[in-house]
Amino acid sequence: MDQPDDEVLIEKSKEGDMAAFKTLVVRHEGQVAGVIRSLLGTTPEAEDVGQEVFIRFYDALNKFRGESKVSTYLVRIAINLSLNELKKRKRTASRYASMEAADGIKGIEETLDLKEHLQYAFDKLDPDFRAVATLRLIEGYSTEETAGILEIPLGTALSRLARAQQKLRLSLTKKLRP
Amino acid sequence: MNDHFSEHEELLLRSWDAPVSARERDTLAEVIQNNPAIRQQSDQYQKIRTMLLRTEPDSFGPFFAERIMNMIKQRTQQIDYLIFFFFKKYQVLLVGVLVALLVSNMLLTDQLTLKGIFGLEQETTEDVFSIDLYENLIK
């Protein structure tokens, strides 16, 4: 059976149809989870932020005019709340904090495999770079969409993207050698 | 650590994320073919991009939507409860003020009549008489 599109579900939700709103949550959970977990990691705060995204969306339903897609709107809230969370905790590599304390940064880099090291280097990126890289490189949005979601000029998005990739490559140089 | 972009590295990265001119594309193809360092960088960047790109949808785990719906429901109930008690507080206050006014009126008029309690003035015999006299004088 064909599912109704987002606009129909939003109208129904505005009229108090909770089942319609639940369908929207189910439909967009993946994208929101992807963005938040790329920025915050698989942490309890990530789910809290995810919940906050949908609660804020519910609260703003009557203000939603459909000028942007629902997914874009939700991802924008997700990015903003995740960046706030990062600023709040200021422990950009918290999931590796105990390992860093034990082995030091050089030590930990040697013990991680390539994929883990990439994750580690990604977590070390400046939050603004990470936001751009999350949308473009992980979630696969176009550069224009990425700039639009983050409300930054296209040139800024491109420059942050290039800088983020360069930092990742330089961090992984040894392990990337064939 | 050198974190400056070479002209070719910048072009290489831009070619994946933004449109490049035909001339730039030709230049890049030529550089990648003839410059082993740029070729290696290109391979490394492509490997990083491939590893980062999500291939499976993410999720917050089972029953996430149910948790959201429960939160909304609980919050709505909580708001209804707060509104009820907010107004209840003022209702009690209003009744209290009314009772106090009635009691004070009763004490001031020293009468246990409804007019006295509600502060409605009762005309005394003197008041009625003086009004009659005044009206007679005018005539």
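Tutor: Let us start with a definition: two rings of Phe, Tyr or Trp count as a pair if their centres lie within 6.5 Å, and planes over 60 degrees apart make the pair edge-to-face. Please keep in mind that this is a predicted model. By that ring rule, a search of the whole structure returns eight aromatic pairs over all chains.

Student: Why is the pair of Phe21(A) and Tyr58(A) called edge-to-face?

Tutor: The ring centres of Phe21(A) and Tyr58(A) are 5.0 Å apart and their planes stand at 75°.

Student: Which residues make up the ring cluster?

Tutor: Ring pairs connect Phe21(A), Phe57(A), Tyr58(A), Phe64(A) and Tyr73(A) into a cluster. Of these, Phe64(A) sits in the loop between α3 and α4 (70-89) of chain A.

Student: How do you know whether Phe64(A) is buried or exposed?

Tutor: The relative accessible area of Phe64(A) is 9%, and as buried means under 20%, Phe64(A) is counted as buried. Setting aside neighbours within four places in sequence, Phe64(A) is in contact with Ile10(A), Lys14(A), Phe57(A), Lys69(A), Val70(A) and Tyr73(A). The C-alpha atoms of Phe64(A) and Glu11(A), which are 53 residues apart along the chain, are separated by 9.9 Å.

Student: What makes helix α7 of chain A "mostly covered"?

Tutor: Helix α7 of chain A runs over residues 127-138, and ten of its twelve residues are buried, among them Phe129(A), Val132(A), Leu135(A) and Ile138(A).

Student: Why is the pair of Asp59(A) and Arg75(B) called a salt bridge?

Tutor: The closest N and O atoms of Asp59(A) and Arg75(B) are 2.6 Å apart; the rule asks for a side-chain nitrogen of Lys or Arg within 4 Å of a carboxyl oxygen of Asp or Glu, so the pair qualifies. Across the interface of chain A and chain B, seven salt bridges are found by this rule, along with 19 residue pairs in polar contact, both residues being at pLDDT 80 or more. The largest share of the side of chain A that touches chain B, 13 residues, is supplied by α2(A).

Student: How much area do chain A and chain B bury between them?

Tutor: Chain A and chain B bury about 3800 Å² between them, with 64% of it on carbon and sulfur atoms. Glu29(A), Gln165(A) and Arg169(A) supply 15% of the area that chain A buries against chain B, more than any other three residues.

Student: Why is Gln41(B) counted as buried?

Tutor: Its relative accessibility is 15%, and as the limit is under 20%, Gln41(B) is counted as buried. Gln41(B) lies in helix α3 of chain B, residues 36-52, and its contacts beyond four places in sequence are Arg169(A), Glu9(B) and Leu12(B).

Student: What makes the phi of Glu151(A) worth a remark?

Tutor: Most residues other than glycine have a negative phi. Glu151(A), which is not a glycine, has a positive phi near 55°, and Phe63(B), again not a glycine, has a positive phi of about 65°. Glu151(A) is in the loop between α8 (143-150) and α9 of chain A, and Phe63(B) is in the loop between α3 and α4 (64-109) of chain B.

Student: Are these two residues buried or exposed?

Tutor: Exposed means over 50%, so Glu151(A), at 59% relative accessibility, counts as exposed, and so does Phe63(B), with a relative accessible area of 60%.

Methods. Residues are numbered from 1 along each chain as its sequence is written. Chains are lettered from A and ligands numbered from 1 in the order in which they are written. This is a predicted model: local features need pLDDT of at least 70, side-chain atom pairs count only at pLDDT 80 or more; totals for chains, interfaces and linings use all residues. Side-chain values use heavy atoms; hydrogens and water are left out. Rings of Phe, Tyr and Trp (its six-membered ring) pair if their centres lie within 6.5 Å; planes under 30 degrees apart count as stacked, over 60 as edge-to-face and the rest as tilted. Buried means under 20% relative accessible area, exposed over 50%, partly exposed in between (1.4 Å probe, protein chains only). Helices (H or I, at least four residues) and strands (E, at least two) are DSSP runs, numbered from the N terminus. Buried area is the accessible area (1.4 Å probe) that two parts lose on being put together, summed over both. A polar contact is a pair of N or O atoms within 3.5 Å; within protein, one must be able to donate a hydrogen and the other to accept it, and residues adjacent in sequence count only if both atoms are side-chain atoms. Contact means heavy atoms within 4.5 Å.
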